Amino acid sequence: MDRDDVNQLSAGQFPHHSGPPLVRVNRLNHYFGEGEARNQVLTDNNLEVMPGEIVIMTGPSGSGKTTLLTLIGALRSVQEGGLDVLGRDLTKLSPPELVEVRRDIGFIFQAHNLFSSLSAYQNVCMSLQQHAWDPSALKARAEEVLTMLDLGHRIHYKPASLSGGQKQRVAIARALANRPKLILADEPTAALDEKSGRRVVELFQKLVREDGASIFIVTHDNRILDVADRIVNMVGGKIISNILVEESVALCLFLSKCEAFSSLRPAMLTKVAEQMRKEVFQPGANIIRQGEAGDRFYLIRRGLVDVIVDEGKPGEFRKILKEGDFFGEKALLTGEPRSATVRAREPVEAYTLDKAGFNESIAASDSFKQQIYKAYFQRQ
């Protein structure tokens with residue numbers, strides 16, 4: 001493949017979010033304990049959070065989600081790998097400089113961590129006082145954000161007089177009051193009823209729209225997944241999937257209209273979509289070359305490609321494939337080298353599926369298997 005001619009839209013490369021990533025995690029590892037008791041809790045993680053993006057991280061308890069969140073928030077020291085937050089390399093900062101980074105982040109913890117001797121209003125004001133707010137504006141902002149979270153009638157109540165859900169909403173108000181560019185939230189809606197949880201995520205969306213904030217949420221709450229631009233799944237200390245939600249939904253709809261995929265059950269269709277990656281090829285780019293080993297299956301989303309067998313030799317064969325057509329299946333089915341060269345005739349957008357995902361789809365659907373084998377024999 002001509003890598004210079006390929007624009008791979010991988011995690012973190014989202015055209016609708018402008019500017020450099022606010023968070024860039026690069027091959028990040030982390031350990032707890034020392035010597036024989038040393039235990040690796042994060043393994044080779046890569047992640048980017050773009051401006052104006054809501055990212056939700058899910059995964060089993062104990063999978064490392066909160067550890068990653070606290071590393072991003074400069075609450076733990078980076079041990080191995082790279083971590084840039086708000087344009088600063090955390091691996092190179094002194095303790096006072098890390099404090100400066102934390103001041104520009106809004107933190108929402110599972111435990112509300114409110115000052116018991118202060119009222120809800122005073123707890124929020126303490127957050128604002130770390131920055132240069134005019135006193136009158138500070139008072140107005142504290143009241144505004146508490147009221148937006150349905151706490152206007154509890155502004156002057158201390159934590160002992162508030163319910164668990166109300167305490168959590170005060171903690172959320174404190175994190176959001178200063179309009180931070182990055183908000184890190186660990187189970188922000190776990191203690192909230194459905195109405196209060198929805199109010200919180202609507203406020204998150206408002207901050208994204210109006211202030212261009214980025215929000216990284218660790219949660220088990222399936223009720224709020226619909227607000228995510230991207231869903232990241234972590235298992236056993238490693239990010240195993242990183243899905244752009246809007247793209248995944250659009251791909252599911254496209255796959256359902258393609259004959260080979262149309263009979264897949266919705267759950268399997270979604271799983272296939274999550275495993276596919278989008279690639280863009282410029283005119284004249286060789287997508288695959290005859291004789292090379294095959295490791296991916298291709299589905300054309302837009303554009304035309306030429307399939308060329310024995311190029312430049314007597315008996316050369318050419319065929320044009322279009323939107324909805326697929327190729328690359330023969331090498332995956334047989335283990336033989338690529339039987340043809342496939343070249344972009346015009347700008348081409350294709351979805352690719354690696355060998356493991358392809359084999360899983362074959363095993364899950366007799367109809368998909370029949371369509372793939374039918375195409376395979378037609379191309380003999």
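Predicted model: local features only at pLDDT ≥ 70, side-chain atom pairs only at ≥ 80, totals over all residues.
1. Four strands form an open sheet in the order S13-S18-S15-S16, and their pairing is antiparallel. At its edges lie strand S13 (286-288) and strand S16 (317-321), each of which pairs on one side only. Neighbouring strands of this sheet are turned against each other by 30° on average, direction ignored.

2. A pair of strands within the sheet. Strand S15 (residues 305-309) pairs with strand S18 (residues 341-344) in the antiparallel sense, over four bridges. To locate this pairing in the structure, the reader may look for Val307, which stands opposite Val342 in S18.

3. Salt bridges in the whole structure. How many salt bridges does a search of the whole structure find? The search gives 23.

4. Lys238 and Asp44. The side chains of these two residues, Lys238 and Asp44, meet in a salt bridge with an N to O distance of 3.9 Å. Lys238 belongs to strand S11 (residues 238-244) and Asp44 to strand S3 (residues 39-49); the pair thus links distant parts of the chain, 194 residues apart. Lys238 counts as partly exposed because its relative accessibility is 33%. Asp44 also counts as partly exposed, because its relative accessibility is 25%.

5. Arg199 and Asp150. A salt bridge joins the side chains of Arg199 and Asp150, at 2.8 Å from N to O. Here too, distant parts of the chain are linked: Arg199 is in helix H6 (residues 194-211), whereas Asp150 is in the loop between helix H4 (135-148) and helix H5 (164-176), 49 residues apart. Arg199 has a relative accessibility of 30% and therefore counts as partly exposed. Asp150 is partly exposed, with a relative accessible area of 30%.

6. Asp226 and Arg198. In the salt bridge between Asp226 and Arg198, the closest N and O atoms are 3.1 Å apart. Asp226 lies in the loop between strand S9 (214-218) and strand S10 (230-235), and Arg198 lies in helix H6, so the pair ties together parts that are 28 residues apart in sequence. Is Asp226 buried or exposed? Asp226 is exposed, because its relative accessible area of 55% is over the 50% cut-off. Arg198, by contrast, is partly exposed, with a relative accessible area of 27%.

Definitions and conventions
Residues numbered from 1 in each chain as written. Heavy atoms only, no water. Pairing = 2+ DSSP bridges. Helix = DSSP H or I, 4+ residues; strand = E, 2+ residues; numbered from the N terminus. Axes fitted to C-alpha atoms, helices over the stretch in contact; angles between N-to-C directions. Salt bridge = Lys/Arg side-chain N within 4 Å of Asp/Glu carboxyl O. Buried < 20%, exposed > 50% of the residue type's maximum accessible area, 1.4 Å probe, protein only.
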